[in-house]
Amino acid sequence: MFFLRLYFLCVALLIATFTLASDPENPLQTPEKSGHKTPTEQNITFNAIHTDGPCIAMTFDDGPSATLTPKLLDLLAARHIKVTFFVIGENVAEHPEVVARAAREGHEIGNHSWSHPNVAKMSQESVRSQLQRTDDAIKNATGKRPTLMRPPYGSITEREKHWIHDEFGYRIILWDVDPYDWKRPGPAVVRNRILKETRPGSIVLSHDIHPGTIEAMPSTLDALEAKGLKFVTVSELIEMATPQASHPSPQPGGSTSTKATPSPSIAPSPASSPSG
Ligand SMILES: [Zn+2]
């Protein structure tokens, strides 16, 4: 009987430990328990989010476009869908009213640099200027500074991730679903690629500067919704992160479960992969 009690006591302690380590209100508070990833790395960079809910984040890069972005905003409004735009500073300065509208309608605005260079190959001073000018342009257009940054082409060094996070407070947002819409493969291909790869917690990359992408969106969004997926902004998705420590047992599908993973330290060069 004594041993039975001892056993239950141990189990109770174990459960208490897991509960403390996986407070869903503070998904990022337990870096020291995050296994092989360094604490800062896990908190700073996201390709996808580990979450129990059915939520995903659609992201649109390289705009705003004076003609295509408003079209996209119309069809998002009609569906009550919120997305995240990673805007280029030059374009924000040219069309601040489009960014202002996006922010007003509940979408999130992230920094995608001033002129879309490969920041992994630039001096700290030049990168700082690219980000600061864009941060200012977004603040001027929307009244709010961004909290997210996506490096053009997904190309960024480990060192840059850390100083950018320290100086600007940005989280670095990459993606786990890439339809290669910049190659303009046609709306049907863009849609099929997104539908095939998107799962709960996904961050979907696309570009609101290509007509085919905008054309693909009505049926893509409707099909994702029909699968039971819900659309949130990237920051909202990060808030929904469930620590992987709270899932000690393997999940069905195993390797397909999403997670907040750091990207390769330096992504391929623009010439070989212009995604992002
Ligand atoms: Zn881009």
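Guide: Let's start with a term: a crossing is left-handed if the near helix is turned anticlockwise from the far one by less than a right angle, and right-handed if clockwise. Also, this model is predicted.

Visitor: Which is it where α8 passes α9, left-handed or right-handed?

Guide: The two helices to look at are α8, residues 187-197, and α9, residues 211-226. As α8 passes α9, the crossing is right-handed.

Visitor: How do the axes of α8 and α9 cross, and what does that make α8 relative to α9?

Guide: The axes come within 8 Å and cross at roughly 40°. Angles under 35 degrees would count as roughly parallel, and roughly perpendicular starts at 65. So α8 is, relative to α9, oblique.

Visitor: Which residues of α9 make that contact?

Guide: On the α8 side you'll find Pro 187, Val 190, Arg 191, Ile 194 and Leu 195. The contact residues of the pair divide into seven nonpolar, four polar and two charged. From α9 come Gly 212, Thr 213, Glu 215, Ala 216, Ser 219, Thr 220, Ala 223 and Leu 224.

Visitor: How wide an arc do the buried residues of α8 cover around the axis?

Guide: The buried ones are Pro 187, Val 190, Arg 191, Arg 193 and Ile 194. They sit on the same side of α8, because the arc they cover around the axis is only 165°.

Methods
Residues are numbered from 1 along each chain as its sequence is written. This is a predicted model: local features need pLDDT of at least 70, side-chain atom pairs count only at pLDDT 80 or more; totals for chains, interfaces and linings use all residues. Axes are lines fitted to C-alpha atoms, for helices over the stretch in contact, and angles run from 0 to 180 degrees between N-to-C directions. Helices (H or I, at least four residues) and strands (E, at least two) are DSSP runs, numbered from the N terminus. Angles under 35 degrees count as roughly parallel, over 145 as roughly antiparallel, 65 to 115 as roughly perpendicular and the rest as oblique. Two residues are in contact if their C-beta atoms, placed from the backbone, lie within 7 Å. Ala, Val, Leu, Ile, Met, Phe, Trp, Tyr, Cys and Pro count as nonpolar, Asp, Glu, Lys and Arg as charged, and the others, Gly among them, as polar. A residue is buried if 20 or more other C-beta atoms lie within 10 Å of its own, exposed if 12 or fewer, and partly exposed in between; C-beta atoms are placed from the backbone. The arc is that of the directions from the helix axis to the C-beta atoms.
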